[in-house]
Every structure is written in structure tokens, then in C-alpha cells.
Amino acid sequence: MLDSVLKALQNLSVLELSVVIIGFINVFLLIKEHVWVYPGTIVSSFLHIFLIYSAKIYAGIVIDVYFIVTSVYGWIYWNAKSESLNDQFMPSWASLKENVLYFITFLVLWFVLLLVFKYIIKSDYSELDTSITSAGFVATYLMIKKKIENWIYWLYGVIVTLPMYFYKQLYLLCILYLAMIILNIIGLKQWTARLVKPQYA
């Protein structure tokens with residue numbers, strides 16, 4: 001197994017390496033609440049589409065398209081909020097009611113996408129892939145709204161993605177996602193530390 005991992009690492013494509021590098025940069029930008037996370041996400045999502053298409057992980061393409069569209073919106077939204085609130089657009093917790101709604105949204109999206117990608121498109125690892133995609137939908141919305149719960153959904157997606165990418169021999173992406181686990185925990189901790197006031201209902 002080690003030999004196959006080393007061989008795959010030696011044959012890494014420029015595309016895979018680019019996705020990894022931009023992915024690291026994007027997470028650091030998000031931790032720092034920097035608006036440039038959005039153009040970075042647009043670029044990395046375009047590249048990621050080509051990468052996972054060759055691995056037949058089709059549901060991931062849906063979330064990448066969603067990332068591109070919402071990144072344009074997020075870019076505009078963060079800039080507008082920062083200007084209107086004099087740069088005081090800070091992270092906050094979602095209310096209990098909101099969190100229940102987000103979780104139900106995640107489950108419904110997962111069910112619908114699973115029906116499409118397992119029985120119609122017949123994508124590889126559709127159960128895992130569609131759950132990751134659904135978590136990404138919710139996490140992206142929460143990220144735009146600067147809700148701290150976005151880190152929890154991202155963390156779930158990263159952990160579930162790891163075994164799928166390993167089996168597909170996308171080893172550099174596996175290394176990226178291992179690092180992402182640590183970065184997501186750091187992001188959760190730092191956003192919580194910058195919290196102005198918990199908002200529970």
C-alpha cells in the first residue's frame with residue numbers, strides 16, 4: 001500500500017497540486033474572515049470540477065457549481081455588510097430554531113441527491129458523496145452569514161471525504177483534507193473567540 005501511495009504522489013498532476021494549494025489558502029482566508037476567500041473559492045471550484053470528474057465523483061460537481069455561484073453572492077454580501085456595519089460584521093451562533101431548520105435542510109438535500117446520483121446517474125460512492133454535497137450546501141450558506149456552525153458542517157464533510165479520496169488514489173487531496181481537519185478546528189475556535197454575543201433562542 002505504501003508503494004502505491006508513493007507512486008501516486010510522484011505522479012501528481014499540476015491540477016491536483018493547484019487544488020491543494022488554493023484549498024489551504026482559502027481555509028486560512030476564511031479563518032481570518034477575509035473577503036478574498038470568495039474569489040479563491042471560485043478558482044479552486046473550477047479546478048476541482050475537472051479533477052473529480054475524472055474520478056467519477058459526480059455529486060461533487062454539483063457542490064462546486066454551487067460554490068461558484070454562492071461565492072459571487074458571498075463576495076458581494078460580505079463587502080456590503082462590512083461597509084454598512086463599519087467593519088463590525090462579526091461571527092455569531094445560529095438560534096436553536098435555525099439550527100433545526102439547517103439540519104432538516106441537510107437531510108432533505110441528502111435524500112433528494114441520493115435518489116438522483118445513486119439510481120439515475122449511478123455515481124461512485126453516492127451515499128458518501130451526496131452527504132458531503134448536502135453538508136457543503138448548508139455550510140456555504142452559514143459561512144456567508146458568518147454563522148459559527150459552518151465549521152461543524154465543513155468538518156463533517158472533510159472527515160467523510162477522506163476515505164473516498166483515498167480509495168480513488170487522490171493522495172495529495174487526502175493530505176489536504178487531513179490538514180483541513182486541524183484547520184477547521186482552529187477556525188471554529190477562533191470564530192468562537194471573536195464572538196460578540198451568543199444568540200440562542
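Residues are numbered from 1 along each chain as its sequence is written, and side-chain values rest on heavy atoms, with hydrogens and water left out. As the model is predicted, local features need pLDDT of at least 70 and side-chain atom pairs count only at pLDDT 80 or more, while totals for chains, interfaces and linings use all residues.

The secondary structure of the protein comes to 8 helices and 0 strands, where helices (H or I, at least four residues) and strands (E, at least two) are DSSP runs numbered from the N terminus. The order of elements from the N terminus on is accordingly written α-α-α-α-α-α-α-α. Of the 201 residues in the protein, 47% are buried; here buried means under 20% relative accessible area, exposed means over 50%, and partly exposed lies in between, with a 1.4 Å probe and protein chains only. Among contacts (heavy atoms within 4.5 Å) between residues at least 6 apart in sequence, 75% join residues at least 24 apart.

Two helices were examined for their span, for which the expected value is 1.5 Å times one less than the number of residues. Helix 2 (residues 14–31) has 18 residues and reaches 26 Å from its first C-alpha to its last, close to the 26 Å expected. For helix 5, whose 24 residues should span 34 Å at 1.5 Å a residue, the end C-alpha atoms are 35 Å apart, which agrees. The buried residues of helix 2 are Glu16, Val19, Val20, Ile22, Gly23, Asn26, Val27, Leu29, Leu30 and Ile31, whereas those of helix 5 are Tyr102, Phe106, Leu113 and Phe117. An α-helix has 3.6 residues a turn, so residues three or four places apart point the same way.

The largest nonpolar core has 39 residues, and those with the most contacts inside it are Leu30, Tyr38, Trp78, Tyr165 and Leu173; such a core is a set of buried Ala, Val, Leu, Ile, Met, Phe, Trp, Tyr and Cys residues joined through side-chain atoms within 4.5 Å. Two or more residues are given to this core by each of helix 2, helix 3, helix 4 (59–84), helix 6 (126–144), helix 7 (150–167) and helix 8 (171–193), and the largest share, 8 residues, comes from helix 8. A second, separate core of 8 residues includes Ala94, Tyr102, Ala135 and Leu142.

Several residues illustrate the packing between elements. When residues up to four places away in sequence are not counted, tyrosine 38 touches Ser71, Gly74, Trp75, Trp78, Met143 and Ile144. Tyrosine 73, in helix 4, has its C-alpha atom separated by 8.9 Å from that of tyrosine 38, 35 residues apart along the chain. At 43% relative accessibility, tyrosine 73 counts as partly exposed, and, with residues up to four places away again not counted, tyrosine 73 touches Ile144 and Lys145. Threonine 41, placed in helix 3 (residues 37–54), is buried with a relative accessible area of 13%; under that exclusion of residues up to four places away, threonine 41 touches Asn26, Phe67 and Ser71.

Glutamate 33, in the loop between helix 2 and helix 3, has a positive phi of about 55 degrees although it is not a glycine, and is buried with a relative accessible area of 14%. Lysine 146, in the loop between helix 6 and helix 7, likewise has a positive phi, of about 60 degrees, although it is not a glycine, and is buried at a relative accessible area of 4%. Most residues other than glycine have a negative phi. Proline 91 lies in the loop between helix 4 and helix 5 and is buried with a relative accessible area of 2%; its C-alpha atom and that of isoleucine 148, 57 residues apart along the chain, are separated by 6.2 Å.

The protein exposes about 10800 Å², of which carbon and sulfur atoms supply 72%; accessible areas come from the Shrake-Rupley method with a 1.4 Å probe, and for residues only the protein chains shown count as cover. A nonpolar surface patch of about 980 Å² is made by Leu96, Val100, Ile104, Val108, Phe111, Val112, Leu115, Tyr119, Ile120 and Ile121. Patches are made of residues with over 30% relative accessible area and no salt bridge, like charges being joined within 9 Å and nonpolar side chains (Val, Leu, Ile, Met, Phe, Trp, Tyr) within 5 Å; a salt bridge is a side-chain nitrogen of Lys or Arg within 4 Å of a carboxyl oxygen of Asp or Glu. Leucine 115, found in helix 5 (residues 96–119), counts as partly exposed at 39% relative accessibility.
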